[in-house]
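Visitor: Hi, I'd like to go through a structure with you. Can you show it to me before we start?

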Amino acid sequence: MNTGFTSNMRIKLPVLAIFLELAIIVLFGVFVKYTPVDESRTADLHLYPYFQDVHVMIFIGFGFLMTFLKKYGFSSVGFNMLIAALGLQWGTLMQGFWHMRPNEIFIGIKSIINADFSTATVLISFGAVLGKTSPVQMLIMAIFEITIFACNEHLVVKVFRAADTGASMTIHVFGAYFGLAVSRLLYRPGLKNGHENEGSAYHSDMFAMIGTLFLWLFWPTFNSAIAAPEDQHRAIMNTYFSLAACTLTAFAFSSLVEKRGKLDMVHIQNATLAGGVAVGSCADLEIQPFGAMLIGCIAGIISVLGFKYLTPLIATFLRIQDTCGVHNLHGLPGILGGIASIIAAAVQVNRISPGMQAAALGCSIGIALVGGAFTGLILSLPFLGQPPDQLCYDDSVYWEIPVEEEPENNSHQEHHNKLSLDA
Amino acid sequence: MNTGFTSNMRIKLPVLAIFLELAIIVLFGVFVKYTPVDESRTADLHLYPYFQDVHVMIFIGFGFLMTFLKKYGFSSVGFNMLIAALGLQWGTLMQGFWHMRPNEIFIGIKSIINADFSTATVLISFGAVLGKTSPVQMLIMAIFEITIFACNEHLVVKVFRAADTGASMTIHVFGAYFGLAVSRLLYRPGLKNGHENEGSAYHSDMFAMIGTLFLWLFWPTFNSAIAAPEDQHRAIMNTYFSLAACTLTAFAFSSLVEKRGKLDMVHIQNATLAGGVAVGSCADLEIQPFGAMLIGCIAGIISVLGFKYLTPLIATFLRIQDTCGVHNLHGLPGILGGIASIIAAAVQVNRISPGMQAAALGCSIGIALVGGAFTGLILSLPFLGQPPDQLCYDDSVYWEIPVEEEPENNSHQEHHNKLSLDA
Amino acid sequence: MNTGFTSNMRIKLPVLAIFLELAIIVLFGVFVKYTPVDESRTADLHLYPYFQDVHVMIFIGFGFLMTFLKKYGFSSVGFNMLIAALGLQWGTLMQGFWHMRPNEIFIGIKSIINADFSTATVLISFGAVLGKTSPVQMLIMAIFEITIFACNEHLVVKVFRAADTGASMTIHVFGAYFGLAVSRLLYRPGLKNGHENEGSAYHSDMFAMIGTLFLWLFWPTFNSAIAAPEDQHRAIMNTYFSLAACTLTAFAFSSLVEKRGKLDMVHIQNATLAGGVAVGSCADLEIQPFGAMLIGCIAGIISVLGFKYLTPLIATFLRIQDTCGVHNLHGLPGILGGIASIIAAAVQVNRISPGMQAAALGCSIGIALVGGAFTGLILSLPFLGQPPDQLCYDDSVYWEIPVEEEPENNSHQEHHNKLSLDA
């Protein structure tokens, strides 16, 4: 199996990481300042518990959600951390440039929530190419994607003035289609019949549930953290009930689509979260609790159906290999969220316009696809350490793996117990 | 071992789950409204960090605490999620009906904390029958138990006006005895000599500690979340110190009751939490820190002794098989909490009455036993997918289990390492 | 491997734990009171979300970080819990004695944050001797170390009036050098060539990442929790960006120091946190975001280099066996933090004095070394249940270990799946 492949990470990864970090520090030195002490800063500090929830979602939630692969846990949780640590610094700068007062970016709790948000986009895209890329590729992707994300977000929020508090469109749709476009450009014909490591093990599925649950639990925070203070309460309520309803339909359809009626962990780990994605754009609107629950129900259903029927088709016909099924967790439910916001705008007509919501959805998909294709082209450069097909989904390419003397290990406890009983 | 048993979950689970979800959405459409924007809503939003702690306890805490069984991790954490997602919606309605202003249930942070609380009751009962029931049975139990719970809680809090801020009686005693009564009705003579799967493995015990610790850490929130604002501070202090003291005695007695002095993970996972249960009813009373610690000490002791000596007796003589030992974690410490509140009422006589505390304890036990027996009778209907004895405590009845090619898997890392060294 | 060693924990552990708990309860009864209801208590309650983050760091963060050893997970997370549960009670008393108003120690959220902090010191030292000590030894160490810690902290904060909000010196430097001194006194020549159990397994490294990530995520809280309200905002920002920068250099240097460029989980689990340690003393100072990032960068580098090159030298030449490498995570980065605060004082000259910062650093090291040596001397008494060399790093000395019938277990899922397919 080992082909003598060497990733040459020893030079490339340190050089790239240190170069990026130094460049960022210089830019921080020039532009970034603490928020001055005034009343707005006091209000800002009140967001700190919201920030901490979002922070847990990014590093524990996304990180462990991707540990489901049986031999790729170190990379999933480790590279997730690396990408996010870079991304939040770069995101602070990119988002800051759009709000800059003459040459000064002021940082506060709200800006670090937004910085964490910008990394979410990259982590979603990371899910599409998980196991098939090197950390060097991912750092480069983070830089490009966050730059493009910040532009799209500015367009959606400031130009179109679209409603997207929970970021169904700017984060979930954008991150999913960006990642799918990258994955298309990095298509591997050698993996079209699957790979022996591209599956889960019992314990890796348990670790993934840690990620799922922390995402599920803190999603009401995600969808309300940057809402206007008078709308936060509603955003929390809508997301809480959407997720609960989504969980019921995800379980129901997971059982329904399998011929023996058995539940599939892939659905439980992912489709239960679709309700949080789909209610995002409408989170702070007066869609009523039952409206939020309807959105959640539909999201759970389309997500399970997507995993079961759409992902294989997309792999075969569109040549897009989507490791984590981000299209089903973020793409489709995100589009549902955008459509729900168009409908909500159409029937409510209070402050948001259906046309602008549609424009926001369209440009999020479009910019993501173009930006992702461009980024994928760059990532397909041959010297970026991409693993060969047979070493995909395998930690040992990039990590020192503990040597497990399993036969001895397996029997050790029994051994001791026996001896202790003898003693 | 496989008897050709088919759980027929493919039809029953989806039909039941979707039916319940649609019924709930209709009821939400008719009754449930957002809390209007006013000052009380602003105060309500301040409870959000408390809500998040409770939310983590319900889904991570209870979910992972039950993953100790070696082959039942998917079901423990998965069905826990399913039950809770249904329960919190149903609990919103049931508790709302008791506080309804003409045809309107207003939802806010406090009501979703209470909704989460109502699911805790079902999750405690779930622990008593863990591994021996189907998800269909558990959804039905959730509907019945939460309905009865809401009535008992109304009786205890509004009619008796008993002190029970941390819910030693209304949640812990009620959930434990309800579950034990259900377990009695579902008694399996075939399991009276144990079952090969009814034990833990090294890693499953580690996963369970995640549950234990998040419960332990956030228990001060559980016991203070719905306290009056001026009493929250005291409820936090009492619970924090009760748990710390309880941990010391739980470790001490775990070592003491085993002839070689070795600690038992079952005790550490469970008895260390008994201090949180037992101090619940008195959490916001002026019992003084040393009083809280005394309650915690006693709780840790009786919980370990219960696991060691009482559970086997109950299984043999009362024919109640209590998988997780909920009687020792919730039942006995909950009764201790009720008794402590009676004593506190007797010596303090400020605002609570010993008689009412005793009535609250008695009616919580009584209603739980009757309600649990009734529910158990319904759950023993033969078409609800209950697994046969030999397939108890086994995920593979309800879940797709990843095929682990262990021999190959065991050696893979060594293999790679060897090859890499060769290269 | 089993030498018939018996730890005799059955008598010693219960007797010691119960004696300590009863003594503490008596002291609480005499001295400890609730904070009276007034405005300061209301402000105190606002720290509750900060407390909960710190609480998670102590029990999940430190507990799981140490589960990396392949056969010592129960002890790591279990004894961590035991030590912390005792330590927070003792810390409440020790820190309270220094702030006592006539015979009264008032407890509140801030005091329980400080109590948790005092346990952090012991848990750091625990890391230095992990796997080589008994729980009886650790309880005794907790009592001594917290007593000495409270004196040193009083000296640094109240006498020298040094800046040390994030406790680089009072907690990290102190805990590391105390633990190293203890480890020196407990030196085991028999382990100088390593031990077969002193390594990680794939899953134990995954569990350890749970600890790493919760420490990383909540470190901004750790460094800001007891800052003055007007400085909390800045302490959060500095720590957030220091950790992010540190993560990049830790990954870079982990790859750089290994000849094939592979990342080492030990570095990722530990060195990524060094930025939080090192920015501690300066956390609330106006060092600017780029300054915080520079500190983080350097911390990540020295931590990786310490693990790679210094730890083996210290083991060989100074005869200090540092199981978790606390010198690299807490010792060196803590000293860096102290030096950074001296430099900050020298260039800022606003309210802190370089001399006092240097005195704080020096006395933290000195008192830790002397106190640790004294404590180590006591812990080397032969009747405290210290395991023999061959049973080090092995849970089975102190815990009932589940008997795993691995061969049967390994094949069970495959077995069931096959049968189900047949059916």
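Guide: The residues lining the second largest pocket split into 23 nonpolar, 16 polar and 10 charged. Here Ala, Val, Leu, Ile, Met, Phe, Trp, Tyr, Cys and Pro count as nonpolar, Asp, Glu, Lys and Arg as charged, and the others, Gly among them, as polar. By the way, this is a predicted model: local features need pLDDT of at least 70, side-chain atom pairs count only at pLDDT 80 or more, and totals for chains, interfaces and linings use all residues. Residues are numbered from 1 along each chain as its sequence is written, chains are lettered from A in the order in which they are written, and side-chain values use heavy atoms, leaving out hydrogens and water.

Visitor: What volume does the second largest pocket have?

Guide: About 1,300 Å³. A pocket is an open set of points on a 1 Å grid over the protein atoms alone, where a 1.4 Å probe fits, with protein on both sides within 12 Å along at least five of seven lines; lining residues have an atom within 4 Å of a point. The volume is the space filled by probe spheres set on the points.

Visitor: Which residues are closest to its centre?

Guide: Of the 49 lining residues, those are B:Phe68, B:Glu198, B:Gly199, B:Val266 and B:Thr323.

Visitor: And which helix gives the most to the lining?

Guide: α12(B), with 6 residues. Helices are DSSP runs (H or I, at least four residues), numbered from the N terminus.

Visitor: New topic. How many residues do chains B and C bring to their contact?

Guide: Chain B has 76 residues in contact with 77 of chain C, where contact means heavy atoms within 4.5 Å. Together the two chains bury about 6,700 Å², 70% of it on carbon and sulfur atoms. Buried area is the accessible area (1.4 Å probe) lost when two parts are put together, summed over both.

Visitor: How many salt bridges are there across B and C?

Guide: The rule finds 1. B:Arg260 pairs with C:Glu400, the closest N and O atoms being 3.5 Å apart. A salt bridge is a side-chain nitrogen of Lys or Arg within 4 Å of a carboxyl oxygen of Asp or Glu.

Visitor: How much area do A and C bury?

Guide: About 6,700 Å², with 70% on carbon and sulfur atoms. A:Arg10, A:Tyr34 and A:Met81 supply 12% of the area that chain A buries against chain C, more than any other three residues.

Technical notes. Helix = DSSP H or I, 4+ residues; strand = E, 2+ residues; numbered from the N terminus.
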